[in-house]
Every structure is written in C-alpha cells, then in structure tokens.
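Please look over the sequence and the model before reading on.

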Amino acid sequence: GLKRLDQIRESAKIDESCLFHLGQLRGDEATLEDLVSADVFLAAIRVEVETWAIEGLNLDDPVPEVGRWNWLKKQGSDADGNPVAERLSKIRVAQRIVDQRLPEKVSDPPKSLLEPSVREPLRTLHQNIVKALDIGNA
C-alpha cells in the first residue's frame, strides 16, 4: 500500500493530485477490511470459520480499527506454528461481508456495513476521485 505509493511518488510520473489511498480516510494504513465495522468483519470471519470447521482462532479479543487481517493472523497458530488465519480466504471473507448487507426480509432496508468513522471521509475520497477523473457529469 503505502510503500508502493511512495515508489510512485518518487518516480514523479504521476501528478500528486491523482494519487489516492485508503490511508487518506483517517490518516492511517487502513485496508479494505478496516472500512467495515468490527462487528461486520468479525461476523464474516465467524461464518467462514464455522463453514470450513477451522479451529484454533481466538476471536474473543477486541478487533482493532486498523490492521485487522494482520491482527487475525496473530489470533492462533497450528501445530507447525503457522497462523490459523492463513486457512481463510480474503475473497470468501469479503463475500461474507457483502452477504451481510442483504436484509433478512425483502421489505427491510439494506444494512450499513461501513465503520461509522469512515463514512464521511470515504464520501470525500470518492468526490476527489470523481473530480480528478473528471467524471462528475458522466
């Protein structure tokens, strides 16, 4: 993320106003899984753990605001010392997150998945991207 962004900046081949990253949301090294609420992230992990009968993950510790996947890797190791979380697929976890947006009843509104603290910064980042790409009236 930020390492690659620094490499791009050093190359000076792209105008700084056209560079965007999730860290702009809160001034940290946020990743996609950090944008959803901790409850949503943890619920997705729990479904995957149950579906694939993955044992050995301690999911009782508080979920951090940033670095959630790295946190998850530290929540348990197998007999060989490998993180149990490596058995999880980020793609399947992402799908489990999206699945939570669907309401239980068709008449219910979709559930918000976003961490409340990133809602407005994400909206601003989106507006900046639209402006930089000049697609506001597309």
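Asp-34 is in contact (heavy atoms within 4.5 Å) with Arg-26, Glu-29, Glu-65, Val-66, Gly-67, Arg-68 and Glu-115, leaving aside its neighbours within four places in sequence. This is a predicted model, where local features need pLDDT of at least 70, side-chain atom pairs count only at pLDDT 80 or more, and totals for chains, interfaces and linings use all residues. Residues are numbered from 1 along each chain as its sequence is written, and side-chain values use heavy atoms, with hydrogens and water left out.

- Asp-34 sits in the loop between helix H1 (2-11) and helix H2 (38-51). Helices (H or I, at least four residues) and strands (E, at least two) are DSSP runs, numbered from the N terminus.
- Asp-34 is buried yet has no salt bridge. Buried means under 20% relative accessible area, exposed over 50%, and partly exposed in between (1.4 Å probe, protein chains only).
- A salt bridge is a side-chain nitrogen of Lys or Arg within 4 Å of a carboxyl oxygen of Asp or Glu.
- Which side chain of opposite charge is nearest to Asp-34? That is Arg-68, 4.1 Å away. For charge, Lys and Arg count as positive and Asp and Glu as negative; His and the chain ends are not counted.
- The side chain of Asp-34 also reaches backbone atoms. The backbone nitrogen of Gly-67 is at 3.1 Å, and the backbone nitrogen of Arg-68 lies 3.2 Å from a polar atom of that side chain.
- These are polar contacts: pairs of N or O atoms within 3.5 Å; within protein, one must be able to donate a hydrogen and the other to accept it, and residues adjacent in sequence count only if both atoms are side-chain atoms.

**Loop between H4 and H5**

- Glu-115 is placed in the loop between H4 and H5. Glu-115 counts as buried because its relative accessibility is 17%.
- Glu-115 and Arg-4 are 111 residues apart in sequence. In space they are 25 Å apart, C-alpha to C-alpha.
- Gln-100 is also found in the loop between H4 and H5. At 17% relative accessibility, Gln-100 counts as buried.
- Gln-100 touches Val-40, Ala-43, Ala-44, Lys-111 and Leu-113, with residues up to four places away in sequence not counted.

**Salt bridges**

- How many salt bridges does the structure hold? There are six.
- Glu-48 pairs with Arg-92, the closest N and O atoms being 2.8 Å apart. Glu-48 lies in helix H2 and Arg-92 in helix H4 (residues 90-99), so the pair ties together parts that are 44 residues apart in sequence.
- Is Glu-48 buried or exposed? Glu-48 is buried, with a relative accessible area of 0%. Arg-92 is partly exposed, at 31%.
- Glu-48, Arg-92 and Arg-96 are linked in a network of salt bridges.
- Arg-9 forms a salt bridge with Asp-6, with the closest N and O atoms 3.5 Å apart. Both are in helix H1, three residues apart, so about one helical turn separates them.
- Arg-9 is partly exposed at 33% relative accessibility. Asp-6 is partly exposed at 39%.
- Arg-123 and Glu-120 meet in a salt bridge at 2.4 Å, N to O. Both lie in helix H5, three residues apart, about one turn of the helix.
- Relative accessibility is 42% for Arg-123, which counts as partly exposed. Glu-120 is partly exposed at 46%.

**Positive phi**

- Ala-53 has a positive phi of about 50° although it is not a glycine. Ala-53 is found in the loop between H2 and helix H3 (68-73). At 56% relative accessibility, Ala-53 counts as exposed.
- Asp-134, in the segment after H5, has a positive phi near 55° and is a residue other than glycine. Asp-134 is exposed, with a relative accessible area of 69%.

**Nonpolar surface**

- Ile-129, Leu-133 and Ile-135 make a nonpolar surface patch of about 250 Å².
- Patches are made of residues with over 30% relative accessible area and no salt bridge: like charges are joined within 9 Å, nonpolar side chains (Val, Leu, Ile, Met, Phe, Trp, Tyr) within 5 Å.
- Accessible areas come from the Shrake-Rupley method with a 1.4 Å probe; for residues, only the protein chains shown count as cover.
- Ile-135 is placed in the segment after helix H5 (119-133). Ile-135 counts as partly exposed, at 41% relative accessibility.
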